[in-house]
Amino acid sequence: MTERPTVVVTGPWSDPGWDAALRAAGVGVIMGPSIDERPATPVDEATLCEMVARADAVLVSSRERITARVLDAAPRLRLVAKATIGVERIDVEAATERGILVVNSPAPENVVGLAEATIGLIVALAKQLLVKEQRIRDGGWRDATTDGLVLAGRTVGIIGLGRVGSGVARRLVGWDVDVLACDPYIPVERFAAAGAGPVDLPTLLSQSDIVTLHVPLTAETRGMIDAEALAAMPVGALLVNTSRGAVVDQAAIAQALQDGHLGAAALDVFETEPLPPDDPIRAVPRDRVLLTPHSIGSSHASRATGTRMAIAAVLDALGGRVPPNVVNAAALHRWRRRFGAE
């Protein structure tokens with residue numbers, strides 16, 4: 001009798017649906033602790049190695065790291081899947097070397113949600129919404145120090161013109177702003193379709209009143225917005241980061257905000273998550289920085305779709321079919337040889 005396949009879910013959301021859909025397909029399921037209940041406590045490497053020992057697929061949360069050691073502990077492993085977009089906590093290179101597929105779940109609702117949220121953060125910074133709201137709560141009223149900016153006539157620079165970045169650009173149509181974008185991997189016709197002018201990064205930084213980041217975390221993008229990049233921006237410029245915390249130098253941002261060179265920033269992502277209590281960015285006054293807990297684009301809809309996409313990918317892989325959204329296509333040849341897949 002053939003042993004039924006096993007799927008390990010390292011950190012399920014509290015919403016139901018993970019195990020029921022898999023069990024209905026005849027799959028055995030091992031569930032780790034809920035990421036909603038323990039967001040700051042990842043399953044450690046040794047425990048993960050024990051959990052995945054007989055796993056045919058792993059559904060990994062954004063909390064755990066899937067290292068080469070974890071992959072080696074799972075000789076039957078076909079697939080590592082994410083129900084969200086980012087895969088930076090997965091050793092994709094090690095997975096490729098072992099013929100293991102890595103897939104993500106770019107739920108359309110997540111892309112739309114992030115683009116919408118970015119516009120909201122820009123408006124919140126420009127209009128000083130947090131400061132005005134706090135003034136009321138403190139028993140005060142308006143004065144000139146809480147006056148905001150008029151966005152019309154200003155320049156918005158978008159770093160990364162993929163799905164989210166182009167969504168931001170399209171949503172700025174009709175706002176009477178100039179939109180610049182920098183992305184060496186996007187064809188020039190995509191810039192025109194999004195309503196953005198293509199420029200290099202130094203030009204974007206020097207000419208933009210507002211800069212928003214929409215890039216994946218790679219060796220190339222890590223730390224791309226550092227003290228030098230911030231100094232190249234106009235005095236009083238606004239910065240929004242909803243991509244990944246490590247694409248910016250967080251300490252340099254805190255310093256630029258304290259010095260007044262950077263007018264304000266909105267950060268949804270951080271170098272260390274959850275954000276440590278003693279991080280310097282917390283000491284920046286609320287009129288300079290808006291902080292949200294890596295959830296600005298999240299919604300019940302994006303969670304539901306991401307879950308469905310990840311489960312479908314797992315079932316595809318277990319059935320010998322190549323799932324959509326494979327991020328390491330170089331692993332396909334070895335994967336097919338290992339598992340006799342289509």
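1. On a 1 Å grid over the protein atoms alone, a pocket is an open set of points where a 1.4 Å probe fits, with protein on both sides within 12 Å along at least five of seven lines; its lining residues have an atom within 4 Å of a point. Grid points are joined across faces, edges and corners, and a volume is the space filled by probe spheres set on the points. The second largest pocket has a volume of about 280 Å³.

2. The model is predicted: local features need pLDDT of at least 70 and side-chain atom pairs count only at pLDDT 80 or more, while totals for chains, interfaces and linings use all residues. Residues are numbered from 1 along each chain as its sequence is written, and side-chain values use heavy atoms, with hydrogens and water left out.

3. The second largest pocket is lined by 22 residues, and those closest to its centre are Leu125, Gln128, Gly263, Ala264 and Asp287. Two or more lining residues come from each of α5 (108-126), α6 (129-137), β11 (262-267) and β12 (289-291); helices (H or I, at least four residues) and strands (E, at least two) are DSSP runs, numbered from the N terminus. α6 gives the largest share, 4 residues. By class the lining holds 11 nonpolar, 6 polar and 5 charged residues, where Ala, Val, Leu, Ile, Met, Phe, Trp, Tyr, Cys and Pro count as nonpolar, Asp, Glu, Lys and Arg as charged, and the others, Gly among them, as polar.

4. Gln128 is in the loop between α5 and α6. Its phi is near 55 degrees, a positive value in a residue other than glycine. Pro274 is in the loop between β11 and β12, and the peptide bond from Glu273 to Pro274 is cis, with omega near -5 degrees. Most residues other than glycine have a negative phi, and most peptide bonds are trans.

5. An open sheet of 7 strands has the order β8-β7-β6-β9-β10-β11-β12, with parallel pairing; two strands pair if DSSP finds at least two bridges between them. Its edge strands, β8 (197-198) and β12, each pair on one side only. Strands β9 (residues 210-213) and β10 (residues 237-241) run parallel and are joined by 4 bridges. Thr212 has Val240 in β10 as its bridge partner.

6. α5 packs on this sheet, touching β9, β10, β11 and β12, and its direction makes about 150 degrees with that of β10. Helix α11 (residues 250-259) also packs on the sheet, touching β10, β11 and β12, at about 140 degrees to the direction of β11. Contact means heavy atoms within 4.5 Å. Axes are lines fitted to C-alpha atoms, for helices over the stretch in contact, and angles run from 0 to 180 degrees between N-to-C directions.

7. Another open sheet, of 5 strands in the order β2-β1-β3-β4-β5, is parallel in its pairing. β2 (28-31) and β5 (101-103) stand at the edges with a single partner strand each, so one side of each has no neighbour in the sheet. The twist averages 15 degrees from one strand to the next. β1 (residues 6-9) pairs with β2 over 4 bridges, and Val9 has Met31 in β2 as its bridge partner. Helix α12 (residues 300-318) packs on the sheet, touching β1, β3 (57-60), β4 (79-82) and β5, and its direction makes about 170 degrees with that of β4.

8. The count of salt bridges comes to 13, each being a side-chain nitrogen of Lys or Arg within 4 Å of a carboxyl oxygen of Asp or Glu. One of them joins Glu3 and Arg54, with the closest N and O atoms 2.7 Å apart. Glu3 lies in the segment before β1 and Arg54 in the loop between α2 (45-51) and β3, so the pair ties together parts that are 51 residues apart in sequence.
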